[in-house]
Amino acid sequence: MKLLALSAFLMFASGLISADAAEMMIVPAGEFIMGDNADDYASPKRSTQLEPFFIDRFEVTNEEFQQQFSGHTFWKGFEPHPVTNITWYQAKTFCKQAGKRLPTEEEWEKSARGTDARIYPWGNKPLRKKPHPFYSGIIKRRVGLNKKDNSPYGVRDMSGSVWEWTASSENGKKVTRGGLWNHHLEYEYGKTFDRNLIAPSERFIFLGFRCVK
Amino acid sequence: MRQIGKLTRRLFIKGGLWTAALFFWNLFRGPEKVWGQEIDSFSGTDFVGKTREGKHRSFYINFWKPMRRINAKTWTLKISGLCESPTTFTLAELKNLPAQSQSSRLKCVECWSARAEWRGFSIKELEQVILPHASAQGVVFHCGDEYKEYLSCDALNQDRVLLVHSMNGESLSDAHGFPLRLIAPSKYGYKNPKTILEMEYVAEQQAGTWSKIGPYSPDGTILPGWDHPLEYDKQARRISGGEIIDY
């Protein structure tokens, strides 16, 4: 742990982490509880070991994406909104060109729930105020706006905002994490172990990404 | 007192008989039920509107407002706004356009979904004639029930988005949007306008009727969540978002 903190300090000091990358949060090495037995899609609940990594504190925005892909267009004023409507391949390329990569679903889940197997990034109880589609990514808002959507490692928007591509695959599709579920106009925050499978060539208005390194 | 008592009993018996008669009459009267067979409230009338009765139990019907049925002889599709050649098409002209069929599920944002075989044409067929301006960003659909909905040109030109005139091998019924409706399978039902009267090409995104009112996104893409398909007894199924293709 001390070694990791020291290496992070040295990376900051040596300028290896840019101002942009400084918005990455450290997730230390060690085991965490992954999955949940109550959800067929996420079972079994098991212990998983990971090496340390850095993860973007916020989802990649339209403005950041446009810096690499100049053809990416969006409505004026949407610069700080999470970029969406991009394929898994585009997300992967963006991360690679930024010297990063897409997170595995294990890395994503640990970043969201920490080591105490919490259901939501902020704890085990849903927020008193139910989510509105304004937080769904369908009607997007700037990343990090919901300050309560904060993980034990300070990573934001892992339960609301948009769904996120991961590097993991299952049955030819890519695993996506985070975001809201729509249950008859009743919107629910995604749980830390909720999973979704989407073909890598698909693009959706509710689907974005963040990177790790 | 005795006379009054006799009258009271007679009244009581009469009242009871009338009550029973009313009960049985109500049980079998229309329009909900005729001889025990349920039909919808608009059947036999000159109007269509929201209903989940009778044959529509297998495919619910939503309308913004009840509306008078469309007269096929006088109906035309007007295309207006930002295009080189604003044109008015008759139904016969539209049915002569190159057609394609597809099976797709209509998913309502309220909960239910149902699958049907649709037949119609791509908007590209119309755009070859009316030639939209480069400044046109999308289309506002004006419908017979005063419903309005907006879809971007990009969304309308996606594969599997059709302007349909037939459903399950027959012309669209009045309830399902005769004579022309949009089918965009990756979007909730409110982005699939029915009984289209006019398509207006516009320069800016606009909110449709429902998007102005409730928690309905202007984009309308189906979100990850749950579905209750009518043909599977409404048993909840998880959906990934976008078009439902798994069942």
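The legends below describe close-up views of a predicted model. In this predicted model, local features need pLDDT of at least 70 and side-chain atom pairs count only at pLDDT 80 or more, while totals for chains, interfaces and linings use all residues. Residues are numbered from 1 along each chain as its sequence is written, and chains are lettered from A, and ligands numbered from 1, in the order in which they are written.

**View 1. The contact between chain A and chain B.** Chain A contributes 20 residues to the contact and chain B contributes 14 residues; two residues are in contact if their C-beta atoms, placed from the backbone, lie within 7 Å. On the side of chain A that touches chain B, β7 (180-183) and β9 (196-198) of chain A each supply at least two residues. β7(A) gives the most, with four residues. Helices (H or I, at least four residues) and strands (E, at least two) are DSSP runs, numbered from the N terminus. This side of chain A consists of 12 nonpolar, seven polar and one charged residue. Here Ala, Val, Leu, Ile, Met, Phe, Trp, Tyr, Cys and Pro count as nonpolar, Asp, Glu, Lys and Arg as charged, and the others, Gly among them, as polar.

**View 2. An open sheet in chain A.** The order of the four strands is β9-β6-β5-β10 in chain A, and their pairing is mixed; two strands pair if DSSP finds at least two bridges between them. β9 and β10 (207-208) of chain A stand at the edges with a single partner strand each, so one side of each has no neighbour in the sheet. Strand β6 (residues 173-177) of chain A runs antiparallel to β9(A), and three bridges join them. Within this pair, T176(A) is opposite N196(A) of β9(A). Helix α4 (residues 105-113) of chain A packs on the sheet and touches β5 (163-170) and β6 of chain A. The direction of α4(A) makes about 140° with that of β5(A); axes are lines fitted to C-alpha atoms, for helices over the stretch in contact, and angles run from 0 to 180 degrees between N-to-C directions.

**View 3. Strands β2 and β3 of chain A.** Five bridges pair strand β2 (residues 30-34) of chain A with β3(A) in the antiparallel sense. F32(A) is placed opposite T48(A) of β3(A). Strand β3 (residues 46-50) of chain A has five residues, of which zero are buried, so the strand lies largely in the open. A residue is buried if 20 or more other C-beta atoms lie within 10 Å of its own, exposed if 12 or fewer, and partly exposed in between, with C-beta atoms placed from the backbone.

**View 4. Helix α3 of chain B.** Helix α3 (residues 123-130) of chain B has I123(B), L126(B) and I130(B) buried. Down the axis of α3(B), the buried residues fall within an arc of 60°, so they line one face of the helix; the arc is that of the directions from the helix axis to the C-beta atoms. The exposed residues K124(B) and Q128(B) are on the face turned away from the buried side of α3(B). Packing against the buried residues of α3(B) are β5 (76-81), β6 (87-90), α4 (153-156) and β11 (162-167) of chain B. L131(B) follows α3(B) and has a positive phi, near 55°.
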